[in-house]
Amino acid sequence: MLPLPSFSLLAPDRLDDVLAPLGQPGVRLLAGGTDLLPSMKHRLFKPATLLSLSRVPELARIEPTEDGGLRIGAMATLLGVRQDARVRAGWPALASACATVATRTIQAMGTLGGNVMLDTRCLYYNQPAGWRASIGGCLKAEGSVCHVAPRGTGCYAAQSSDTVPSLMLYEAELELLSRRGSRRLALSELFSADGRDGPRIERDELLRAVILPPPGAVVLHRKVRPRGAIDYGMLLVAVRRQGDGGSAVISALGPAPVSVRVEQLGDLAQAAWKASNPLSTHSWSSTWRKHMVRIEVARAVAELTTPRLAIAHG
Amino acid sequence: MDRSDDLDRKAAMEKRVAERLAARAAKEAAQAQQAEERTAADVTDPSTYMGPADTRSGQPAEGGVVGAGGRGKIDGLAKITGRAIFADDLKLPRMAHAKVLRSPHPHARIVSIDTHEALAMEGVLAVVVGTDLPTRHGAIPVVMDETALALDKVRYIGEPVACVCATSEELAWLACQRINVVYELLPPVLTIEDALDADKPAIHEWRRKGGNVLRKVDQSYGDVDAALAGSDLVLEESYEYPASTHVPLEAHCAVAAPSDEGRLTVWSSTQNPHYMHRTLTRVLGMEQASIRLIKPDVGAGYGGKCDTFCSDILSAHLARLLGRPVKMAMEREEVFYAHRGRHRTRMWLKMGMNKDGRITAIDFKAWADGGAYSSYGVVTSYYLGVFMPLPYRLDNYRFESTRLYTNHPPAGPKRGHGAIQPRFALEVHLDRMARALGLEPADVRANNLFPPDSITVNGLRITSMGLPDCLAQVREASGYDEKVGLQDSGPFKRGIGLAASAYMCGALHPIYQTDTPHSGIQLKIDRSGRVTAFTGTADCGQGSNHMVACVVAERLGIQPEMITVIEADSDLCPVDLGSYSSRVTFMAGNAALHAAETMRSRLVTAVADKFGVQPEDVLCCDGQYSAGDQALKWTDVIELAESRFGTLGATGSYRPPKIGSRFRRQSVGPSPAYSFTAQVAEVTVDEETGIVTVHDIWAAHDLGRVLHPEIAMGQIEGCVYMGVGEAMLEEQRYRDGVMTTPSILEYRIPTVYDTPEIHAILVESHDPEGPFGAKECGEGPQLSTVPAIANAIFHASGIWLTHPPFTPEKVLRALRQRDLQRAREAT
């Protein structure tokens with residue numbers, strides 16, 4: 001078996017004890033571990049200390065907000081979110097997005113917070129250490145050349161969270177906590193333009209909860225992946241109807257999700273297609289992935305405007 | 001010299017050559033004619049045969065075991081409860097762990113290896129490099145081109161270069177990172193074109209000839225050119241079949257431990273313990289009797305565990321060197337580099353057909369990317385061509401196949417070894433030609449079949465032949481005949497397709513020259529009534545242990561649960577050649593039947609004498625031996641027989657008969673029997689996205705005789721599943737020699753959501769030489785899956801796909817070409 005590098009594990013049961021070491025060099029947060037631990041085996045991260053959140057019960061709570069929205073603790077599992085009756089009734093696209101993550105066993109370990117904060121992914125990055133050595137490393141890991149765009153200067157690793165597109169269209173906010181206090185950040189503000197940079201929060205900040213505004217938004221989520229389970233998306237689409245118009249979030253094509261908004265719902269597919277520029281971060285062709293943007297958005301729009309389904313989702 | 005003289009002489013020479021060629025063609029045609037008139041009996045020479053005198057073919061099972069369903073495998077419970085012990089489960093006192101450092105370059109000379117830093121680490125016990133184990137070995141003794149660790153050159157990314165043995169696995173891994181290797185890069189050979197180019201560097205420069213061609217096989221039967229010229233329709237097409245790999249659930253692992261008197265015990269996750277035993281002996285310079293080789297439970301192989309790997313040799317070497325047990329377990333990534341999977345194969349096929357659908361001639365060429373070492377590549381080069389004349393009557397056949405060296409991980413035997421690729425080409429080609437002639441492809445197949453007891457143009461002997469039944473049953477079960485007339489409109493197009501295939505039941509010749517049996521069994525009966533069968537067979541999950549128990553139980557009239565099978569332990573079991581070429585049921589099954597027959601005759605003699613009846617009047621069934629109103633229960637039978645004959649034991653052997661072929665060159669391909677399959681696939685093509693969904697596959701397989709229906713159906717389902725993977729998803733892809741998919745996240749095998757509903761149909765043809773008439777069912781059923789899907793896609797959308805896997809992008813491209821073509825035709 002691929003050995004996991006050595007590290008020390010801290011598992012405090014009080015939020016204050018989590019915040020204290022956060023931001024110190026070599027310390028990394030451990031939520032469900034379903035992405036972090038395989039990446040550590042690949043030697044993508046070598047943290048000296050893992051700071052586990054699993055013993056802080058309040059982080060896993062799902063509770064209504066005063067205005068009729070929902071506050072989902074960052075440590076709520078994807079399976080828990082998927083099965084929550086309130087989520088299913090008020091924000092069904094989020095439940096269906098959670099259901100598309102990997103497999104049920106991984107949904108039972110993986111958390112919503114971990115999924116939102118998921119590291120960007122690339123065919124040339126998420127590989128074992130020896131493999132990366134054979135290509136001289138990549139820009140995001142230990143190398144100096146991007147194998148996706150060898151002449152470029154940036155990293156194009158793709159934001160691949162299954163829950164982000166629908167959360168963005170539900171206008172979700174993040175509740176961030178540090179020793180300095182608490183603040184809110186719109187989810188759409190989280191993402192960096194370069195795949196190396198990671199989520200745009202401070203090093204000492206903890207994602208405490210995802211806040212959903214009151215229900216009402218009509219959103220659909222679609223995932224394109226090679227197989228019916230396990231795989232990360234090679235295209236993620238969420239579509240929202242807003243009067244005659246609508247919006248779409250297209251993800252898994254680059255470091256940050258792309259949002260588009262149109263006045264006429266019929267224009268959404270073309271607008272989304274125009275705004276998409278996938279690169280070869282995935283083993284399936286980028287030409288086909290771009291082709292699929294138009295089709296997936298068009299099909300989501302058709303589903304949203306079918307009267308029967310509009311009622312079901314509304 | 002006069003110029004006209006010169007021309008005359010040239011003309012005369014050309015004439016002589018032409019006459020000679022014509023004479024040879026006429027002779028070959030006459031021979032082919034003759035061959036067709038010969039029957040299976042004419043070419044069978046029983047003088048070399050060892051095995052049961054009576055295979056009980058075609059007779060109803062009297063013991064009630066053969067063919068009975070609803071019975072678990074004898075080792076099934078241990079597998080599902082986690083009690084089964086795999087190599088990596090073995091933990092021995094003082095056991096050390098070995099890891100290898102692998103090459104990051106596809107082709108490079110090793111200038112130096114500095115192991116000082118690694119050796120100096122606390123807990124590191126030994127570091128081994130290639131020159132410590134310089135003896136070359138190979139899966140096939142005629143080409144020994146491999147060493148445990150790279151000697152002076154690396155030939156693929158992932159090739160083992162140095163090995164560290166340490167007190168823990170992690171330490172061994174860390175120490176590997178401290179080994180400093182200096183390489184001098186060499187230009188890599190990464191394509192079929194480059195491998196064929198004599199000016200490119202030779203990957204095995206020590207071989208005297210051949211450049212990067214491992215083996216080229218050329219065979220010609222009948223007069224292909226004349227037959228093509230006289231055909232109503234000739235179609236020529238190129239195909240390319242991708243490289244794919246086995247993905248066994250269990251990664252390769254070996255444990256070795258020194259034992260008394262300088263002996264060594266090696267536990268290895270292998271399909272071919274006997275061949276490995278020979279290889280270890282050779283590389284370690286030991287006596288075969290000094291190594292005890294044990295195959296513990298194995299978590300699947302599919303051909304990927306036929307070779308001897310670095311883990312086997314290094315654990316054995318280190319255990320000997322250090323005097324303590326050593327384990328080497330591969331990581332998943334390493335299994336991808338160990339590979340030995342499907343050869344990426346480029347093919348060219350030209351076929352003639354007459355208006356009545358009769359196939360007139362096949363001209364076929366194949367070039368296979370074999371990677372850096374030969375593995376079973378010599379055999380592959382033959383298998384690419386020799387099975388083509390099965391199961392359709394064909395008088396004129398020519399093939400040329402070339403197995404090449406490249407700087408990719410070594411390809412080798414994967415389920416349906418070498419036969420999968422040409423079968424895909426042939427079955428798609430056949431559909432295409434039938435449709436071009438306005439004929440129903442399923443009928444064309446049915447009308448071209450050999451009858452039982454036939455000889456193919458290249459000298460293969462067909463005995464039992466159940467394909468007509470298979471075709472009829474899949475057509476019926478799938479509703480093929482009604483559905484083939486339907487055509488959808490709109491973006492979602494449903495289609496149905498059919499394909500047929502044939503495969504062998506064990507290679508007629510072992511990989512080394514020997515007159516010893518291919519399979520041996522020893523039976524022993526304890527006074528308690530418990531029967532122990534000692535067999536060299538290697539169960540890798542396919543159920544060979546249960547097969548042995550089933551055959552023995554049937555013949556002795558007891559239940560399989562009364563039988564303990566001890567397998568694949570060289571100190572305890574007679575030799576069996578291994579789990580390859582779909583040989584085990586046929587060959588080990590016959591050895592088991594042979595041993596059981598011998599044992600039974602003793603038991604029956606004792607009982608008949610006591611009853612005062614003739615031995616043939618004794619009925620052995622359900623643990624009771626009876627004649628008329630007299631009966632003895634099993635334990636009493638044993639007591640009686642032991643009192644009469646002494647300790648009860650029996651041996652059984654199998655060695656196939658000699659099958660005379662007039663073709664001396666035909667040493668690879670012949671088998672004592674062939675299995676046959678017909679499949680129907682039903683798919684939907686989404687013409688907007690190019691996504692193909694395979695809904696159902698009906699697979700009817702002629703396995704001769706059903707020994708255990710659930711295991712047989714499981715094998716068929718597994719074959720179809722693997723075929724669906726190769727048709728839709730799987731491809732071992734490279735970029736500059738780097739495999740881009742060395743993980744089970746990136747190398748995608750179908751999940752349950754991607755697997756169609758599989759309807760396995762068991763067809764019996766009662767082979768005259770198989771045990772109880774049985775033939776193989778573990779590889780053959782995969783051969784027709786991919787072409788059936790391709791043909792269904794054509795039926796749905798009118799596109800011929802020649803290059804699996806059928807990814808949405810390829811499908812979309814073909815759809816665009818179709819639309820352009822249709823537009824051109826319309827104007």
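Chain A splits into two domains: domain 1 covers 8-43 + 60-212, and domain 2 covers 218-313. Keep in mind that this is a predicted model. The C-alpha centres of domain 1 and domain 2 of chain A sit 21 Å apart.

So where do the two domains of chain A touch? On one side of the contact are 32 residues of domain 1 of chain A, and on the other are 28 residues of domain 2 of chain A. Two helices of chain A, α5 (92-99) and α9 (164-169), each bring at least two residues to the domain 1 side. The largest share of that side, five residues, comes from α9(A).

| Class | Residues on the domain 1 side (chain A) |
|---|---|
| Nonpolar | 19 residues |
| Polar | 10 residues |

Five strands of chain A make up an open sheet, running in the order β4-β5-β8-β6-β7, with antiparallel pairing. At the edges you'll find β4 (62-64) and β7 (181-186) of chain A, each with a pairing on one side only. Ignoring direction, neighbouring strands of this sheet are turned by 25° against each other on average.

To look at one pairing up close, take strand β5 (residues 70-73) and strand β8 (residues 206-212) of chain A: they pair in the antiparallel sense, and four bridges link them.

How values were computed. Residues numbered from 1 in each chain as written. Chains lettered and ligands numbered in written order. Predicted model: local features only at pLDDT ≥ 70, side-chain atom pairs only at ≥ 80, totals over all residues. Pairing = 2+ DSSP bridges. Axes fitted to C-alpha atoms, helices over the stretch in contact; angles between N-to-C directions. Domains from an automatic or database assignment. Contact = placed C-beta atoms within 7 Å. Nonpolar A, V, L, I, M, F, W, Y, C, P; charged D, E, K, R; others polar.
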